[in-house]
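This briefing is meant for someone meeting the structure for the first time.

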Amino acid sequence: MNGGYMNSILRIDLSKSKISEEKPVEDWAVKYIGGRGWGARKVWEEVGVEVNPLGPDNLIFFGSGPLTGLLVPSAGKMSIVSISPATGIYADSSVGGAFGAELKQAGYDAFTLKGVSKKPVYIMIDDGDVEIRDAKEYWGLGALTTEERLKKDLGDNDVHVLSIGPAGENLVKFACMTSDYGRNAGRTGMGAIMGSKRVKAIVVRGFKDIPIADVDKFMDIAYESYRTISENEFLDIWQRQGTLQVIEWANERGVLPTRNFQETSFEQAEEIGGDKMEEVKTTDRACFACPMTCGNYCVIKEGDTKVVVEGPEYETAAMLGSACGITDLKTVIRANNLCDDLGIDTISSGNLIGLLMEAYEKGIINKEDTGGIELKFGNGEALLKVLGMIARREGIGDIIAGGVKAVTERWKDTKPLAMQTKGLEQSAYDTRASPGMALAYATCDVGAHHSRAWVISKDLEMQDKWTAEDRARLVIYHQHIRPLFDCLGVCRLEWIELSLDESIYADFYTTVTGIKTTLKELLERSEAIYNLTRAINVVRGISRADDYPPERVFCDPVPSGPLKGKLLQREEYDELLDTYYRLRGWNDKGIPTKETLTRLGLEDVSLSLEKNGKI
Ligand code: SF4
């Protein structure tokens, strides 16, 4: 086996309490790299189309990449892959911290969970020994409290824990998993899948070395990359404010979601932005081997107690802040802390509560629906209360817990106000002036998430100077390079924000694994994985109609701010989508053609789509 891999995948069948190990398929290192790539292949092979995402036959894959756990900038990432209970399609979410690195040191590249345990359990992965243990005493606890209690009970503060809160136990469709006190696998409802399997937490501890094919060359590249990062002029602001600095950036450009995306500039943006956060920040926080330390520990007082949170980062502050009309950072921090402990995604939570605040103000819902809560924009106490109700599935919280599909089904008049694609609540950029970003959200394989392609900055800069082809090409490039980091098991922020040359990752891969490669080849593999996840979605019914942004971006012009009057034109978007499909080698329904799948080495996927009558 090549360097960088531990050559073992754990399989845990919870219905049978059976633990086994398998070797990764021989050519997976080359074809699917690791992390997200391996997970996508597992889901393709092992999860049937009719499987209920919250039933015993759904599988969750947890996988590091070949660079995870090594001296590579920010090499602590692990991908979690499955079929989402929120969208019913392919889903992945990556988690930072150090869990993925520890998993490798424990002797495993990845593990899968299938089946359903009869009683609440946690999994202990201890340097090659694996046990399914009783978790009765932890069931019902918050995700952060669970981590604290497990470490105390195990007498080891250095283990790494991935846990769910009450939201995961109660199958909230946007429940997340939390690790290292606030590093979350936030999107697509992975916490609900873990809850459906009655797994409260996974604990990992390991001491093994990770093999490297060419240590001397590897150390040279590592030294060079850390040196380059340390000399970058933007490192300081990233260490001080992390992504929260983006609040001011988005507000100045008029793309900050405000009051459920009705507006795009927030009059009190500076109150929830990076400068304000520095007033309550106590220290930096970093994931494994990360010199960028974008995490911020913030501490505020609430009566006699302290609220300590890692964050908020940009998406959280925008969605629990401006999108809900919240004007003070302390409320955002309290909401962030609550979401982490309850185990719910901050983006989906803020998106849905903002949607219902607009519905309340427009008279679509009333106090009878909310249980007496004055669910108006800016009402911080209402925000905090509803978060708890979602996790416990109480009152209106029970409907919100079903995600945007359930909310728009229950109150049909909320449909035109809902900011979502494919059933995933949109994250925090308004796209009315950015057709490229609208395309990025709409064609993202997990739904309206910013993680795959972030082209808004360039799009706003180029505006009319750009053709549909320019936009589509950049979206496609991002959809290959950004998920590549998830396959390798590293954070992408050094590449995005500190301009670390992307070809260095091909050099890392070559020296670590011993498989000689180039960035171009890695991007081709990432393209194949993107086509594989599209195929997973196609067999689940996704087609062209699902690749459109929400109605609001076509119908409601931006009412004020620097982009006043901007609106996306439907014909322009149609042309953009056609161009995107053409460049990808997909037909006009958005289905990869036989030629494309064959070119990418996915002949078996092509055959399967043919059998399904899709191509
Ligand atoms: S840049 Fe931030 S998210 Fe990325 S690895 Fe470092 S601390 Fe973690």
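Across the interface of domain 2 and domain 3, seven residue pairs are found in polar contact, both residues of each pair being at pLDDT 80 or more, and the model in which they are found is a predicted one. Two salt bridges are also found across this interface.

**The interface of domain 2 and domain 3**
- Helix H9 (246-253), helix H13 (346-361), strand S16 (420-421) and strand S17 (424-425) each supply at least two residues of the side of domain 2 that touches domain 3, and the largest share, three residues, comes from H9.
- In contact with each other are 29 residues of domain 2 and 31 residues of domain 3, while the C-alpha centres of the two domains lie 26 Å apart.
- The two domains bury about 2,200 Å² between them, with 67% of this area on carbon and sulfur atoms; of the area that domain 2 buries against domain 3, Met292, Thr421 and Lys422 supply 29%, more than any other three residues.
- The side chain of Lys422 also forms a salt bridge with that of Asp547, at 2.9 Å from N to O.

**The six-stranded sheet**
- Six strands form an open sheet of mixed pairing, in the order S2-S1-S6-S3-S4-S5.
- Strand S2 (18-22) and strand S5 (90-95) each have a single partner strand and stand at the edges, so one side of each is left without a neighbour in the sheet.
- Strand S1 (residues 9-13) pairs with strand S6 (residues 110-114) in the parallel sense over five bridges, and within S6 it is Leu113 that stands opposite Ile12.
- Helix H2 (residues 35-46) packs on the sheet, and its direction makes about 20° with that of S4.

Technical notes: Residues are numbered from 1 along each chain as its sequence is written. This is a predicted model: local features need pLDDT of at least 70, side-chain atom pairs count only at pLDDT 80 or more; totals for chains, interfaces and linings use all residues. Side-chain values use heavy atoms; hydrogens and water are left out. Two strands pair if DSSP finds at least two bridges between them. Helices (H or I, at least four residues) and strands (E, at least two) are DSSP runs, numbered from the N terminus. Contact means heavy atoms within 4.5 Å. Axes are lines fitted to C-alpha atoms, for helices over the stretch in contact, and angles run from 0 to 180 degrees between N-to-C directions. Domain bounds come from an automatic or database domain assignment. Buried area is the accessible area (1.4 Å probe) that two parts lose on being put together, summed over both. A salt bridge is a side-chain nitrogen of Lys or Arg within 4 Å of a carboxyl oxygen of Asp or Glu. A polar contact is a pair of N or O atoms within 3.5 Å; within protein, one must be able to donate a hydrogen and the other to accept it, and residues adjacent in sequence count only if both atoms are side-chain atoms.
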